[in-house]
Amino acid sequence: MLKVEKLDVYYGNIHALQKINLEVNEGETVSLVGANGAGKTTTLQSISGLVPKEGRVNFLGEDISKFKAHEITKKGIAQVPEGRRVFTGLSVYDNLILGSYLIKGSSDHILKRIYEMFPILEERKNQLAGTLSGGEQQMLAMGRALMSRPKLLLLDEPSMGLSPIFVDKIFQVIKILKEEKTTILLVEQNANLALEVSDRAYVLETGKIVKEGLAKDLANDPSIKAAYLGE
Ligand SMILES: Nc1ncnc2c1ncn2[C@@H]1O[C@H](COP(=O)(O)OP(=O)(O)O)[C@@H](O)[C@H]1O
Ligand SMILES: [Mg+2]
C-alpha cells in the first residue's frame, strides 16, 4: 500500500533522514521505533507532505512524492500528530466534524462508531477541546483522523505523556482498529507497546533504519531488548 524509497530529509545542515526505505502492506500494523531525535516524526511528516524531502513515496500504486499535504490527505492518508494538536477553542463535536470534511454525504455512522470506541468523546461532545485532559485529547485527535475514513492512519507517539490508564485505552483502540484491518503506521518511543500491537517493525537510529523484521522477532532480539525494551 505504502512504499517509501530512499527518503532523504535535511533541516539545514542536519541530515535527519538518510535513504530510508519502508513498506506498509494493506491491513498491516507497522511500527517505527527509535529514541528521541531518531527521525520518527520526520518520517511521518514527509509521508504526509509536511516537510520537503527527496526520494520516492508511493501510495496505492501512485507516486505521491510531489503531492502537497492536502492532496495526500485526499488520497486517504491521515496523520495524528505528536502532541495531538486538537482545536482547543472548538467543541469536541466540531473537532470531529472537521475531520470529516472530505467525506461526501453523511458522516453520522462514522461518528457513531467513534463514539462507541471513545464513549468519553460523546459524553463531552459539547465541551471545548481545550478543557479535555491529555489522554482525552489524544482520543479526540485519533477520532478526528478516523472521521476521514483514512486508508492509512499515521500515529505519532500516541502514548506520549499519558497516564497508564489512558495508554491502555489508546492501545486497546489501536488493537480494535487493527482487527478491523485498518492499515496503521505507528511511531512510538515505547517500543514494548508498539511491538505488542504490530505485525512488523522498523528500528530507526539517527536517521537510518538499522533493523527491520517481524514485531515478535524484534521483541525477542537481544540488542533491541537492551536498547529499547528496558531489559
Ligand atoms: N523543524 C526542525 N528544524 C530543525 N531540525 C529539526 C526539525 N525537526 C526535527 N529536527 C531534527 O531532526 C532530527 C529528527 O527529529 P524528529 O523527526 O523529530 O525525531 P523523533 O520524532 O524520532 O524524536 C532531530 O535531530 C531533530 O532535532
Ligand atoms: Mg517525534
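Predicted model: local features only at pLDDT ≥ 70, side-chain atom pairs only at ≥ 80, totals over all residues.
**Entry 1: Ser 198**

I started with Ser 198 and, skipping neighbours within four places in sequence, found it in contact with Thr 29, Val 30, Ser 31, Lys 178, Leu 186 and Ala 215. Next I looked up where Ser 198 sits: it belongs to the loop that joins helix H8 (191-197) to strand E9 (200-205).

Is Ser 198 buried or exposed? I found a relative accessibility of 9%, so Ser 198 counts as buried, the cut-off being under 20%. I also followed its side chain, which reaches the backbone oxygen of Ala 194 at 2.7 Å.

**Entry 2: Lys 208**

I moved on to Lys 208, which is in strand E10 (residues 208-214). Lys 208 counts as partly exposed because its relative accessibility is 43%, and that class runs between 20% and 50%.

Which residues does Lys 208 touch, if those up to four places away in sequence are not counted? I listed Gln 18, Ile 20 and Val 203. I then checked Lys 208 against Arg 144: the two are 64 residues apart in sequence, and their C-alpha atoms are 31 Å apart in space.

**Entry 3: the nonpolar cores**

I looked for the largest nonpolar core and found one of 45 residues. Inside this core, Ile 114, Met 142, Leu 153 and Ile 174 have the most contacts. Beyond its neighbours within four places in sequence, Met 142 is in contact with Val 80, Phe 118, Leu 155, Ile 170, Val 173, Ile 174 and Leu 177. Apart from this core lies another, with 26 residues, including Ile 20, Leu 44, Leu 152 and Leu 204.

**Entry 4: ligand 1**

What surrounds ligand 1? I wrote down Tyr 11, Ile 14, Ala 16, Ala 35, Asn 36, Gly 37, Ala 38, Gly 39, Lys 40, Thr 41 and Thr 42. By type, I sorted the shell into five nonpolar residues, five polar ones and one charged.

Strand E2 (14-24) and helix H1 (40-47) each supply at least two residues of this shell. H1 gives the most, with three residues.

I then went through some atom pairs. A polar side-chain atom of Thr 42 is 2.5 Å from an oxygen atom of ligand 1. On the backbone, a polar atom of Gly 39 lies 2.9 Å from a ligand 1 oxygen, and for an N or O atom of Ala 38 I noted 3.2 Å. To finish, I looked up the cover: ligand 1 has 560 Å² of accessible area on its own, and the protein covers 60% of that.

Notes:
Residues numbered from 1 in each chain as written. Chains lettered and ligands numbered in written order. Heavy atoms only, no water. Near = heavy atom within 4 Å. Polar contact = N/O pair within 3.5 Å; in protein donor to acceptor, adjacent residues only side chain to side chain. Areas by Shrake-Rupley, 256 points an atom, 1.4 Å probe, with all protein chains shown as cover. Helix = DSSP H or I, 4+ residues; strand = E, 2+ residues; numbered from the N terminus. Nonpolar A, V, L, I, M, F, W, Y, C, P; charged D, E, K, R; others polar. Core = buried A, V, L, I, M, F, W, Y, C linked by side-chain atoms within 4.5 Å. Buried < 20%, exposed > 50% of the residue type's maximum accessible area, 1.4 Å probe, protein only. Contact = heavy atoms within 4.5 Å.
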